[in-house]
Amino acid sequence: MIDLHKGDCRNILPQLNRRGIKADLLLTDPPYNISNEAGVITRRGGKFGKTTDISPKFEFDHKIEPEEWIPLASKVLKENAVAVIFLAVQQVPAVMALLKSEGFEKIYLSAWVKPNPTPQARKRKWCTGLEHFVIATRGEKYHYNWKEGHHTGYIITPAVSGKKRVHETQKPLKLMTDIVRWWSFPGDIVLDPFMGSGTSGVAAVKYRRGFIGVEEKLKHYNTAKRRIPIYLPLDFFMQDSFVQEPAKNKTLDSFQQ
Ligand SMILES: C[S@@+](CC[C@H](N)C(=O)[O-])C[C@H]1O[C@@H](n2cnc3c(N)ncnc32)[C@H](O)[C@@H]1O
């Protein structure tokens, strides 16, 4: 199952809940709200150049607080679900507290290690080569795929750059596939209320999980809609329901023509 929605997740999640939909894994990368906290973002052109406001470039990172969507997403998750949420370090205490109030008990802090961090505007600062995510589990029977073996808990993979990038803050596929493989099983349903270009969905279908994704911007929704089906395993199309049976009044020969 692939179920994609264009809209604000604060409206779509209650609709999914009313339809009785329940996912096994919440895997999401919401806006971090970094630019709003920092106010106007500036860059100096050249060594002594003019300061320029580059805030519009960061438009994608608009404000949505964790308490506005975590309780809504929680209602679309099974009792024994796992939640994996990318976040800024400043948000860790608030997100952990919210997850606890939604019944998630064990919580791990993990990291994506980027060997190619974005250079700072003035090229003089300490780069941020780490992004964090929390993994939280609810109930005793949550899905941890021990068959995948040992995992370090951090994932080293480069940020997507150049022509391969289809979203301003696109996550690399290796990052999302590690999470999907270790924290769900084939046949499970993965939910992403902030899917962007749909990298979580690509990881889900590639490893035979179902996917429910929400994105409010049409451009990104269309990218996800185009991207995700490309990764469906080929034998998916060979299931019985896709093989056309000869109609009773036709011979096999007439089908082969
Ligand atoms: C950090 S990006 C996700 C990028 C994604 N992980 C990828 O690999 O492409 C967050 C996305 O959430 C979307 N978004 C922001 N607020 C939203 C909301 N209230 N409902 C649904 N989508 C929203 C943004 O348009 C943006 O595409």
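**Briefing: helix packing and buried faces**

Buried residues, meaning those with 20 or more other C-beta atoms (placed from the backbone) within 10 Å of their own, make up 30% of the 257 residues in the chain. This is a predicted model, in which local features need pLDDT of at least 70 and side-chain atom pairs count only at pLDDT 80 or more, while totals for chains, interfaces and linings use all residues. Residues are numbered from 1 along each chain as its sequence is written. The chain has 8 helices and 10 strands, which are DSSP runs numbered from the N terminus (helices are H or I with at least four residues, strands are E with at least two). Among contacts between residues at least 6 apart in sequence, 72% join residues at least 24 apart, a contact being a pair of C-beta atoms, placed from the backbone, within 7 Å.

**Helices H3 and H4**

- Helix H3 (residues 66-74) and helix H4 (residues 92-101) pack with their axes 10 Å apart and at an angle of about 30°, where axes are lines fitted to C-alpha atoms over the stretch in contact and angles run from 0 to 180 degrees between N-to-C directions.
- The two helices H3 and H4 are therefore roughly parallel (angles under 35 degrees count as roughly parallel, over 145 as roughly antiparallel, 65 to 115 as roughly perpendicular and the rest as oblique).
- Pro66, Glu67 and Ile70 of H3 make the contact with Ala94, Val95, Leu98 and Leu99 of H4, and these residues divide into 6 nonpolar, no polar and 1 charged (Ala, Val, Leu, Ile, Met, Phe, Trp, Tyr, Cys and Pro count as nonpolar, Asp, Glu, Lys and Arg as charged, and the others, Gly among them, as polar).
- In H3, the buried residues are Trp69, Ile70, Ala73 and Ser74, and they lie on the same side of H3 because they cover an arc of only 135° around the axis, the arc being that of the directions from the helix axis to the C-beta atoms.
- Those buried residues of H3 pack against helix H1 (9-18), strand S2 (23-28), strand S5 (77-87), H4 and strand S9 (189-192).
- In H4, Val95, Leu98 and Leu99 are buried, and they line one face of the helix because they fall within an arc of 100° when seen down the axis.

**Helices H5 and H6**

- The axes of helix H5 (residues 173-183) and H6 come within 8 Å and cross at roughly 50°, which makes H5 oblique to H6.
- Leu173, Met176, Thr177 and Val180 in H5 meet Thr199, Ser200, Val202, Ala203, Ala204 and Lys206 in H6, and the residues of this contact divide into 6 nonpolar, 3 polar and 1 charged.

- In helix H7 (residues 218-227), His220, Tyr221 and Ala224 are buried, and they sit on the same side of H7 because they cover an arc of only 105° around the axis.
- What covers the buried residues of H7 includes strand S1 (2-6), H6 and S10, while the face turned away from them carries the exposed residues Leu218, Lys219 and Arg226.
- Arg208 lies in the loop between helix H6 (199-206) and strand S10 (210-215), and its phi is near 65°, a positive value in a residue other than glycine.
- Arg208 counts as partly exposed because it has 16 C-beta neighbours inside 10 Å.

Note on methods: Buried ≥ 20, exposed ≤ 12 C-beta atoms within 10 Å, placed from the backbone. Contact = placed C-beta atoms within 7 Å.
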